[in-house]
Amino acid sequence: MLSEFVKSADWKSEKHVPVIECEDTVESGSCLPIKITIGKEIPHPNTTNHHIAWIALHYVPEGAQTSVEISRTEFSSHAAGADGPDSGPALTCSYVTVCAKLAKSGTLYATAYCNIHGLWASEKIVTVA
Ligand code: FE2
């Protein structure tokens, strides 16, 4: 299973772990801003040859048997340019903020893909009041 290759760790000591930041509790029907950052404590390299390619966010409501994909952000600009790697005019940063209205309490799962170091994940429980 692919899950055997999904890595996780303490984000304070591992630069690849997605950090999910949002309120712990939200009212039903309210928009919940959710920020996901890679390299919050220890910056991840962000170059043409080594970068975060995408971040995805899933949600599993309590009691559900499947996840719901909330967002998927692909970072397409990694400073590649006509003069070679790291010479281009645009470099995306490895974070994203999305907003979602959650119908019931559950768990958010963030995954991120580094083009060299693979797939990383973290989770956060959210209570819907
Ligand atoms: Fe990496």
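**Group meeting: strands, the iron site and side-chain contacts**

In this predicted model, Val 19 has Thr 37 of strand β3 as its bridge partner. Strands β1 and β3 pair in the antiparallel sense, and four bridges connect them. They belong to an open sheet of three strands, ordered β1-β3-β6, with antiparallel pairing. Strands β1 and β6, the latter covering residues 95-101, stand at the edges with a single partner strand each, so one side of each has no neighbour in the sheet. On average, and ignoring direction, neighbouring strands of this sheet are turned by 25° against each other.

Let me turn to the second pairing. Strands β4 and β5 run antiparallel and are joined by six bridges. The two strands form a hairpin with six residues between them, and Gly 63 in the turn has a positive phi of about 85°. Within this pairing, His 58 has Glu 69 of β5 as its bridge partner.

Glu 69 also brings us to the charged side chains. How many salt bridges does a search of the whole structure find? The search finds three. In one of them, the side chain of Glu 69 meets that of Arg 72 at 3.4 Å, N to O. Glu 69 is partly exposed at 43% relative accessibility, and Arg 72 is likewise partly exposed, at 46%.

Another salt bridge joins Glu 21 and Lys 40, at 3.2 Å, N to O. Glu 21 lies in strand β1 and Lys 40 in the loop between β3 and β4, so this pair ties together parts that are 19 residues apart in sequence. Both residues are partly exposed: Glu 21 has a relative accessible area of 28%, and Lys 40 one of 42%.

There is also the salt bridge between Lys 124 and Asp 24, at 2.5 Å, N to O. Lys 124 is in strand β8 and Asp 24 in the loop between β1 and β2, so the pair ties together parts that are 100 residues apart in sequence. Is Lys 124 buried or exposed? With a relative accessible area of 16%, Lys 124 is buried, because the cut-off for that class is under 20%.

I come now to the aromatic residues. The structure holds one aromatic pair. Trp 54 and Tyr 113 are stacked, with 6.1 Å from centre to centre and 15° between the planes. The pair links distant parts of the chain, as Trp 54 is in strand β4 and Tyr 113 in strand β7, 59 residues apart. Tyr 113 is partly exposed, at 31% relative accessibility.

Finally, the metal site. Which residues are the protein donors of the iron ion? They are His 16, His 44 and His 50, each through NE2, together with Cys 114 through SG and His 117 through ND1, lying 2.1 to 2.3 Å from the iron ion. Their spacing in sequence is H-x27-H-x5-H-x63-C-x2-H. His 16 lies in the segment before β1 and His 50 in the loop between β3 and β4, so this pair ties together parts that are 34 residues apart in sequence. His 16 and His 50 are both buried.

Note on methods: Residues are numbered from 1 along each chain as its sequence is written. This is a predicted model: local features need pLDDT of at least 70, side-chain atom pairs count only at pLDDT 80 or more; totals for chains, interfaces and linings use all residues. Side-chain values use heavy atoms; hydrogens and water are left out. A salt bridge is a side-chain nitrogen of Lys or Arg within 4 Å of a carboxyl oxygen of Asp or Glu. Buried means under 20% relative accessible area, exposed over 50%, partly exposed in between (1.4 Å probe, protein chains only). Two strands pair if DSSP finds at least two bridges between them. Donors are N, O and S atoms within 2.8 Å of the metal (3.2 Å for Na, K and Ca); water is not among the atoms, so sites may look incomplete. Axes are lines fitted to C-alpha atoms, for helices over the stretch in contact, and angles run from 0 to 180 degrees between N-to-C directions. Rings of Phe, Tyr and Trp (its six-membered ring) pair if their centres lie within 6.5 Å; planes under 30 degrees apart count as stacked, over 60 as edge-to-face and the rest as tilted.
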